[in-house]
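Visitor: Could you take me through this structure, one topic at a time?

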Amino acid sequence: MEDYRKTTQRILPLDRERSDAEQYDIYPVHSLGEGKIFAGYESLARAVADRKRIIIDGYSQALFRPFCAGLNRELGKLGVRAVWWDVSTALRPQEEIERMTAPFIGGDDPLFGTRTTLGLEDFFDPGLLARIRPDESAEVNILYGCGASCAGWEGTTVYVDLPKNELQFRARAGSVTNLGFKAPESPKKMYKRFYFVDWVVLNHRKKALLPRMDYIVDGQRPEMPVWTDGETLRRGLAHLGRNPFRVRPWFEPGAWGGQWIKEHIPDLPQDAPNYAWSFELIVPENGLVFESSGRMMEVSFDMLMYQAGKEVVGEACYAACGDEFPIRMDFLDNFDGGNLSLQCHPQREYARKHFGEVLTQEETYYILDCKEDAVVYLGFREDIVPEDFRQALLTSQRDNTPLEVGRYVNSLPSRKHGLYLIPPGTLHSSGRNNLVLEISTTPYIFTFKMYDWLARDLDGMPRPLNVARGMENLCFDRKGEKVARELVARPRLLEQTAEWSLYHLPTHPNHSYDVWRYHVKGSVTVETGGKCHVLNLVDGVRAEIESESGERRAVHYAETVVVPAGCTRYRIVNRSVGEIMVVVAFMK
């Protein structure tokens, strides 16, 4: 099974290790107490050996065959002879699944579709599903596979979860397929179907199953599953609804990627060409790592929203966004790299109409670090003529020739700790030699690239451009002096004591979130006001976030921490020499 994933990044270690307690932690953990996490098929077999019916469900890319083979081997050692049933035999034919999902896939569009309204049960033939019935004469019946719970069996439920970064590493290795497909396709094609179809139906099923999962398995290690019981995990998730937490970040190289992340986070593999992104808090794809007696296991972040969503984001936000966590943070690193593409994001109504999204991408760039020559491309020059710009983009795309960017696009010098506002429809790009903390609403793939500096992706192919979609969303009145006046935040002092100062970094009226920055010499107590706060330590070495219950979580330079709405107040404690700065984002 060594070739089932394609990446330079190490798989999550079985046991907790920490090389340096004063630097960025790539494996943040949350305790479940002692003796609550187990590893291996032997321990799982012992846990389920006396059950008469077992339903093994999970994500479709969870590699069920090696999992079931390992469990069956250990059950046999215990003298248990199981009859196994494969739910995939009841799937509809692939051709039928393709026809059924076609309205959501976006046709020939290489990137975008619309979130499906289908359910996982729609992928199965009801007649074939009804024929899968337990053998009443058997010692134990085990029904396995993605969608096993659709068969309506009563019994012990084992759910095999899979972090979405690992899912994508498997897709790149060609070891998994889309739901109901017989063979893998190109990773980019599979990703589009994952996002708009597979993940939607699988997450709905996961939410329905969570209250009755008896065992949850971290399935990223086919040779060594890690698991806990459902009640323990549900208690752990509920605890996070009231206390500060970090998700597990993951890191990706890119065509324009830089070297800042590699240099500042030495625990990462150094053989990657660069790290363009740090997925700090892009929670449709992040996981949560739990720890018990030094043993670690990971579950997808969405489980937290399904268990304690209202406590995490607050009642008002939950009423508006449901299970969708509203704020994301990520790093864009092009130190000694290249320019990001000139791009814009869809207006809110456009995103709802065309993609089925509750929110759209409302971005800001917080400059964590930069070189003296760095710039942010933002808006247009005063004399912009939209049709001339469109024609220039099309000519560049057709002839593969450079665009005269300075003729059309406004640029501003990058300023460390500056906040640049990018409401939907704003043309923008990070010029090279920036380390950007991107603060945004959660949708994260709806970027209309309009010019990509003739760069190639890491696979050697041009990245798809979306000139037509971009032109449909661009705000050409964001130009000239108006850009500096309206799209650069001007910090305003709100409160000040001997120990701390609070600044407001106002966002645009079209942003649904706001940004504060605390400058802390000692400590400061912050009221959440029924809202979720997302924090990043943008200056300093180390701080602590202390909840009202007294639980403390360390935060190191550049780390992102979530304080849920269920924690009504928290304290930021400076554990560095000198003043620290903490950025706080929250929904308006």
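Guide: The conversation below turns to a lysine, then to the cores, then to the strands.

Guide: This is a predicted model, in which local features need pLDDT of at least 70 and side-chain atom pairs count only at pLDDT 80 or more, while totals for chains, interfaces and linings use all residues. Residues are numbered from 1 along each chain as its sequence is written, and side-chain values use heavy atoms, with hydrogens and water left out.

Visitor: Is Lys262 buried or exposed?
Guide: Lys262 is buried, with a relative accessible area of 11%; buried means under 20%, exposed over 50% and partly exposed in between, with a 1.4 Å probe and protein chains only. Lys262 belongs to helix H8 (residues 260-264); helices (H or I, at least four residues) and strands (E, at least two) are DSSP runs numbered from the N terminus.

Visitor: And what does the side chain of Lys262 reach?
Guide: The side chain of Lys262 reaches the backbone oxygen of Ala272, at 2.7 Å. Setting aside neighbours within four places in sequence, Lys262 is in contact (heavy atoms within 4.5 Å) with Gln270, Ala272, Pro273, Asn274 and Tyr275.

Visitor: Changing topic, how many residues has the largest nonpolar core?
Guide: The largest nonpolar core has 177 residues; such a core is a set of buried Ala, Val, Leu, Ile, Met, Phe, Trp, Tyr and Cys residues joined through side-chain atoms within 4.5 Å. Ile56, Leu288, Phe290, Phe325 and Phe389 have the most contacts inside this core. Helix H6 (residues 187-209) supplies the largest share, 10 residues. Apart from this core lies another, of 21 residues, including Val526 and Ile572.

Visitor: On to strands: in what order do the 4 strands of the open sheet stand?
Guide: The order is E25-E30-E27-E28, with antiparallel pairing; two strands pair if DSSP finds at least two bridges between them. Strand E25 (523-527) and strand E28 (552-556) each have a single partner strand, so one side of each is left without a neighbour in the sheet.

Visitor: How many bridges join E25 to E30?
Guide: There are 5 bridges between E25 and strand E30 (residues 569-574), which run antiparallel. Ser523 stands opposite Val573 in E30.

Visitor: Then which way do the residues of E18 point?
Guide: In strand E18 (residues 419-422), Leu419 and Leu421 point one way and Tyr420 and Ile422 the other way, and all are buried. E18 pairs with strand E15 (residues 363-370) in the antiparallel sense over 4 bridges, and Tyr420 is the bridge partner of Tyr365.

Technical notes: A polar contact is a pair of N or O atoms within 3.5 Å; within protein, one must be able to donate a hydrogen and the other to accept it, and residues adjacent in sequence count only if both atoms are side-chain atoms.
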